[in-house]
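This report describes selected features of one structural model. Please look over the sequence and the model before reading on.

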There are 2 protein chains.
Amino acid sequence: MGRSPLWTAIRTALSEEIAKGQYAPGDRLPTEAQLAARFAVNRHTVRRALAALAEEEIVHARRGSGVFVRHVPTPYPIGRRVRFQQNLLAAGRVPDRRILHLETRTANDRECAALRLDEPADVHVYEGISLSDGFPLAFVRSVFPAIRFPDMLDALRTTRSITAAFAVHGLADYTRASTEITAKTASSTLSALLELQPGTPVLRTVSVNVDGAGVPIEFGRTWFNADRVALTLDDT
Amino acid sequence: MGRSPLWTAIRTALSEEIAKGQYAPGDRLPTEAQLAARFAVNRHTVRRALAALAEEEIVHARRGSGVFVRHVPTPYPIGRRVRFQQNLLAAGRVPDRRILHLETRTANDRECAALRLDEPADVHVYEGISLSDGFPLAFVRSVFPAIRFPDMLDALRTTRSITAAFAVHGLADYTRASTEITAKTASSTLSALLELQPGTPVLRTVSVNVDGAGVPIEFGRTWFNADRVALTLDDT
DNA sequence: TACTATTTGTCCGTATGTATG
DNA sequence: TCATACATACGGACAAATAGT
C-alpha cells in the first residue's frame, strides 16, 4: 500500500478535472454514488475527498441537491488606481457594462460632502451593472460633478467606460482617495439585478476618486456579488 | 404652511434623539402607531420619516418586530500598518481579546506558501475573538513561523497583543504585505462565536504581515462581524 | 406544534395646496 | 380662469413576518 490515504488520490483527480475545465464553475459533480462506482471505492471514501475539496472552497455541497463547483472569485485589486476593465482583463475575464439609468439631478448632502461641492449642485448619475464573462459582477452607482463634466452622460453612453468618459473631458489620469468596505445581505431588488438568491452576501464599497490635484471627481457606490469577487490589496 | 414637508421635521427629531443617545444602537424605536400618536400625524407620515432614516442607514426595520437603531460600524483602517488595538482606540472603542486556542502544529500547504516556509515546518497558531467595547467584533486565526518566534504562544498569553508579542522577539515594526477581502454568510459555529444570527454576513480578510526585510511573519485569517465594522482604505 | 396578538409592508383610495401652461 | 399634473398628508384594509403562549 502507498503511504498516502486512498481519498487523496480521488481529491487530486477531481481537483485536476475541475482545473482542466471538465467541470465548469456552477456545474454539478456526479453524485457520490456515481463517483464511488467510478473510482471503485466506498461512498465514504469519496465523501472524504469531497470534504477536502469543500475545505479548500473548490466545491460546495447542498444537501438534497448535489455537489457544485464553486465560482472561483475574481481577484479585484483596489489600490491607488482602480480600473474595472483593466482589473477584469488582468484576471482573464471579459469585462462589459450594462447601463441601467443615466440622469442629472441635484446632489444630496452625502454626495455634496464627498465631492466637496457647495449645495445645491448638480450631479450626473450613472447606474449600471458590471459584467464578468457575461455574468453580473456588480451594481454600480456613481455620481460626477455636472459643472466639471458637462458631457459625462453622453460620453458614458457611447464609451461605456468611466475612464474613457473622463478622457473625453481631458482627464487622462485619476486615483482612488478613499475606499470603505462593508458587507450586507442582498436586498430583493439588488438580488434581482445581480441574479443571485436573496439573502446571499454582497460586498459594498463606497469610494472617492480624485484628479491629480486631489479634487474629487467621482463618488461611487458599488455592490459586488461576493461569490464572484475577492477584493485584494497589495501594499508591497 | 411651511415649505418643507411635515415628515422632515419628524426625521430630524428622531435623528437628534438617536444622536443624543436617547435611543442606543440596537434599541427598538416606538412603533409606527406610537410615533404617529406622539407627533400627531398619520402613520404614513411617520413611515416617510423612517424611510429616510433607513435610507441614511441610521435605523433598520424588521417586519413584525420593529424599527431598530443601527450599530454604527467601527471604521477599521487596513493600510500598510494594521494594528487592532490602535485601530479601535482611534475609533473611540475599548479593544480587548479573548483567547480561544493556542497550539503548535505542522503547517499545511497554504500556510507554508503564505509564510514562504519549506515544508514540513512548525507554526504557532492563535485563535481568538477580538472585542470592541466588550462585544465580539471578529474571529481571528493567525499562524506564525515557530522557528523564528519560539516564545510566541507564551507572549500572546501574557500580553494578549500580537504587536507586543512580536516586540518580545525583538521585532519592533511590521507591515501588511497583502490583504484579500471576501464576504460570506456566517456558518453556525462562527455565528455562535460572534454572537450573531446565522445567515448574517461576515467580512473575511486573508492577509500576510512581513518584517522590514519583507520576510513573512504572520498569516492571518479574520472573520469580522459585518454589522459592526467597515474596512477603510486611505490612499491619500 | 398551533394559535394569537403585534408590528411592519403594501396596496387601495380621498383631499388639498401648488406649480404650470 | 381653467385644466392638468404633482407632491403632500390622511384614512383604511389586508398581507407577511415576528414573538409569545
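## Model and numbering

This is a predicted model, in which local features need pLDDT of at least 70, side-chain atom pairs count only at pLDDT 80 or more, and totals for chains, interfaces and linings use all residues. Residues are numbered from 1 along each chain as its sequence is written, while chains are lettered from A and ligands numbered from 1 in the order in which they are written.

## Domains of chain A

Chain A has domain 1 (6-69) and domain 2 (74-233); such bounds come from an automatic or database domain assignment. Taken over C-alpha atoms, the centres of these two domains of chain A are 38 Å apart.

## Surface near DNA strand C

A residue is near a strand if its C-beta atom, placed from the backbone, lies within 6 Å of it. There are 10 residues around DNA strand C, and B:Thr31, B:Glu32, B:Ala61, B:Arg63 and B:Gly64 come nearest. In chain B, α2 (32-39) and β2 (66-69) each supply at least two residues of this surface. Helices (H or I, at least four residues) and strands (E, at least two) are DSSP runs, numbered from the N terminus.

## Strand pairing

Two strands pair if DSSP finds at least two bridges between them. Strand β10 (residues 229-234) of chain B pairs with β7 (residues 175-185) of chain A in the antiparallel sense over four bridges, and B:Leu233 is the bridge partner of A:Thr179. Strand β3 (residues 74-77) of chain B runs parallel to β10(B), joined by four bridges; here B:Thr74 has B:Val229 as its partner.
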